Protein chains: 2
Amino acid sequence: MDPRIREHAETIADHSVDLQDGDNVVIDAHPDAEDLVVALHEACADRGANPLAVQERLGQRFRRAYLRNHDGEFETPSHVQALYEEMDVYIAVRGGGNATETSDVDPEVTSAYNKAQQPLLDERLSKRWCLTQYPAETNAQLGQMSTEGYENFVWDAINKDWDAVREHQQQMVEILDPADEVRIVSGDTTDVTMSVAGNPTLNDYGERNLPGGEVFTAPRPESVEGEVLFDKPLYHQGREVTDAFLRFEDGVVVEHDASKNREVLTEVLETDSGARHLGELGIGMNRDIDTFTYNMLFDEKMGDTVHMAVGRAYEDTVGEDNEQNESAVHVDMIVDMSEDSYIEVDGEIVQRDGTFRFEDGFEG
Amino acid sequence: MDPRIREHAETIADHSVDLQDGDNVVIDAHPDAEDLVVALHEACADRGANPLAVQERLGQRFRRAYLRNHDGEFETPSHVQALYEEMDVYIAVRGGGNATETSDVDPEVTSAYNKAQQPLLDERLSKRWCLTQYPAETNAQLGQMSTEGYENFVWDAINKDWDAVREHQQQMVEILDPADEVRIVSGDTTDVTMSVAGNPTLNDYGERNLPGGEVFTAPRPESVEGEVLFDKPLYHQGREVTDAFLRFEDGVVVEHDASKNREVLTEVLETDSGARHLGELGIGMNRDIDTFTYNMLFDEKMGDTVHMAVGRAYEDTVGEDNEQNESAVHVDMIVDMSEDSYIEVDGEIVQRDGTFRFEDGFEG
């Protein structure tokens with residue numbers, strides 16, 4: 001086994017989820033990531049934790065088979081609910097399988113399924129959890145890299161000094177956390193403002209997402225105004241959506257478009273009322289992730305980008321007195337900020353063309 | 001996908017576990033059996049059942065990694081317990097992986113683990129359940145067959161007329177069910193008697209085991225006397241045990257031996273006090289299984305064999321007023337009855353050299 005796999009497992013266990021004696025652990029992974037799941041079983045044994053390997057979210061062929069044969073009337077499975085209620089730690093390992101496996105599932109069926117799965121998502125997010133990546137062949141191909149090149153890319157991004165990352169990013173947290181209005185401008189296609197007043201900004205340094213590399217908060221749901229062209233493509237339900245465009249009025253998406261697979265975006269927005277509001281604003285700060293690999297876990301952390309998610313807001317990013325946007329979905333979309341772009345916080349420019357105010361070369 | 005895989009899934013769903021709308025299902029399988037798990041997800045969707053794919057018993061690399069790194073002090077994982085309590089149907093799909101994967105795990109650690117897992121086994125056995133086989137390459141190799149030849153062997157044994165099997169076997173049930181004393185004699189190495197008085201004899205026609213093909217009951221734990229040489233080898237915890245020998249006094253194993261891996265047998269017998277008593281007597285009646293494939297699910301059903309298991313007795317095979325042998329293990333071992341052998345029930349010979357009293361060619 002590549003020694004970087006055991007290093008990865010140790011990082012998950014100690015840095016990301018703080019694995020303890022007696023912890024009940026669920027590991028959700030595709031079989032292509034088997035080596036990492038083996039290493040995680042070793043890490044669990046070393047620490048007295050109890051692992052169970054499942055393929056719930058990450059058995060793509062299973063989900064496709066189930067959804068394509070289903071009548072669309074779903075219930076929340078009480079045995080999975082019971083499992084998650086008694087669980088302390090949830091580790092989801094992406095990697096492997098066909099990224100477009102669910103591309104021929106009726107999006108309406110998927111939406112109905114996601115709604116029924118909402119209590120399971122709530123349960124998982126209420127525990128210590130980590131989403132990480134195994135460098136499988138199919139993901140390398142999606143990123144247009146060789147498998148060995150992709151392995152280096154993934155493990156370089158994961159097995160690193162997370163304390164240094166935390167310190168660097170904390171400078172942006174200190175700008176965004178006390179702020180009210182944030183404005184994102186890029187070219188003549190994106191100009192959007194939102195209030196983040198009272199909502200905490202979190203520093204993602206490899207805990208819940210491994211790799212980490214962003215700071216993020218939640219916009220106040222009714223405050224978003226303006227338009228955004230997401231110029232990086234996204235994969236949702238196995239389909240690529242390019243040039244997603246959203247226009248907001250009073251926080252609600254009142255217009256949307258895409259140059260490819262617009263109907264996927266439509267389905268997302270129609271999941272529920274929360275899906276038509278923003279649930280997240282994130283600033284990608286990880287310049288070690290310098291290649292776009294069609295994988296949101298990495299792409300959203302890229303330096304010189306911001307991302308916004310429609311749908312559910314993470315509870316920790318919502319202030320006590322503020323409204324938390326609720327939804328069965330959380331779909332991230334990315335704006336390239338490397339050229340002709342700036343981020344303004346309470347009227348002051350804090351990033352221009354990807355360079356932050358606290359970095360060399362910044363031009364306010 | 002080979003159409004026999006979907007036929008297999010339909011047989012499991014309708015014949016074996018009687019899958020119903022709203023059933024909570026757990027499917028435990030190795031990734032090599034993925035196609036059958038996909039087909040089972042389709043079958044669940046068709047019937048409104050809720051599937052969850054896990055690798056609990058059947059993730060051999062995971063279990064090895066976990067057990068080799070563990071200090072040996074196990075607890076029963078409450079999240080898996082909660083999952084199983086809320087489950088209606090348990091489907092275990094054998095097939096794939098390395099059959100000798102756990103051969104370098106300390107048997108004492110495995111025994112301690114099995115003890116802690118006992119409540120999970122109880123829970124699974126209290127539900128509708130089925131143990132079946134996917135014809136994976138490694139299993140074909142273990143059986144010394146080509147993969148295609150093994151596929152034919154497995155699916156011929158599984159996709160068949162189970163009503164006809166039930167009728168044929170019922171003739172033996174009617175002999176054994178009302179009986180008291182059973183005596184098994186083979187060559188000069190096996191001569192054992194036991195009482196089955198008051199214990200029901202079950203007809204296994206592809207429900208809990210698929211393939212089925214045996215009738216079986218439980219001996220009264222204290223009644224077993226004599227000695228048995230199990231002349232077919234068995235694999236336990238990834239290791240082959242040959243020529244297992246047991247001598248019983250007052251139902252207890254007082255002497256044991258084997259020509260290979262005797263210590264595996266020792267560990268089994270030392271699991272707990274129930275492991276030193278018989279928990280099952282089975283008569284293999286499936287002559288379509290005509291090849292020994294080092295796989296107990298098939299081997300124990302072979303025509304012209306009997307098998308006995310040390311350890312746990314199945315609840316359904318124990319009469320209301322009789323003692324149920326309890327144990328964390330249930331380990332089957334096989335005696336060849338095709339030559340120089342007979343089964344005697346209450347003093348009458350009912351099978352000689354593999355031919356039953358109710359069949360042509362029987363010589364009492």
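**View 1. The two domains of chain A in the predicted model.** The centres of domain 1 and domain 2 of chain A, taken over C-alpha atoms, are separated by 23 Å. The model is a predicted one. Domain 1 of chain A covers residues 3–158, and domain 2 covers residues 162–356. Where the two domains of chain A touch, domain 1 contributes 30 residues and domain 2 contributes 25 residues.

**View 2. The side of domain 1 of chain A that touches domain 2 of chain A.** Five elements are labelled here, each giving two or more residues to this side: α1 (3–16), α5 (107–125), β4 (128–133), α6 (137–142) and α7 (147–158) of chain A. The largest share, 7 residues, is that of α5(A). Sorted by class, the side of domain 1 of chain A that touches domain 2 of chain A holds 11 nonpolar, 14 polar and 5 charged residues.

**View 3. Packing of a helix of chain A with a helix of chain B.** Helix α3 of chain A (residues 60–68) packs with helix α2 of chain B (residues 34–47) at an angle of about 30°, and their axes are 7 Å apart. Because angles under 35 degrees count as roughly parallel, α3(A) is described as roughly parallel to α2(B). The crossing of α3(A) and α2(B) is right-handed.

**View 4. Residues in the contact of α3(A) with α2(B).** On the α3(A) side are A:Arg61, A:Phe62, A:Ala65 and A:Tyr66. They meet B:Glu34, B:Val37, B:Val38, B:His41, B:Glu42, B:Cys44 and B:Ala45 of α2(B). By class, this contact of α3(A) with α2(B) has 7 nonpolar, 1 polar and 3 charged residues.

Terms used:
Residues are numbered from 1 along each chain as its sequence is written. Chains are lettered from A and ligands numbered from 1 in the order in which they are written. This is a predicted model: local features need pLDDT of at least 70, side-chain atom pairs count only at pLDDT 80 or more; totals for chains, interfaces and linings use all residues. Axes are lines fitted to C-alpha atoms, for helices over the stretch in contact, and angles run from 0 to 180 degrees between N-to-C directions. Helices (H or I, at least four residues) and strands (E, at least two) are DSSP runs, numbered from the N terminus. Angles under 35 degrees count as roughly parallel, over 145 as roughly antiparallel, 65 to 115 as roughly perpendicular and the rest as oblique. A crossing is left-handed if the near helix is turned anticlockwise from the far one by less than a right angle, and right-handed if clockwise. Two residues are in contact if their C-beta atoms, placed from the backbone, lie within 7 Å. Ala, Val, Leu, Ile, Met, Phe, Trp, Tyr, Cys and Pro count as nonpolar, Asp, Glu, Lys and Arg as charged, and the others, Gly among them, as polar. Domain bounds come from an automatic or database domain assignment.
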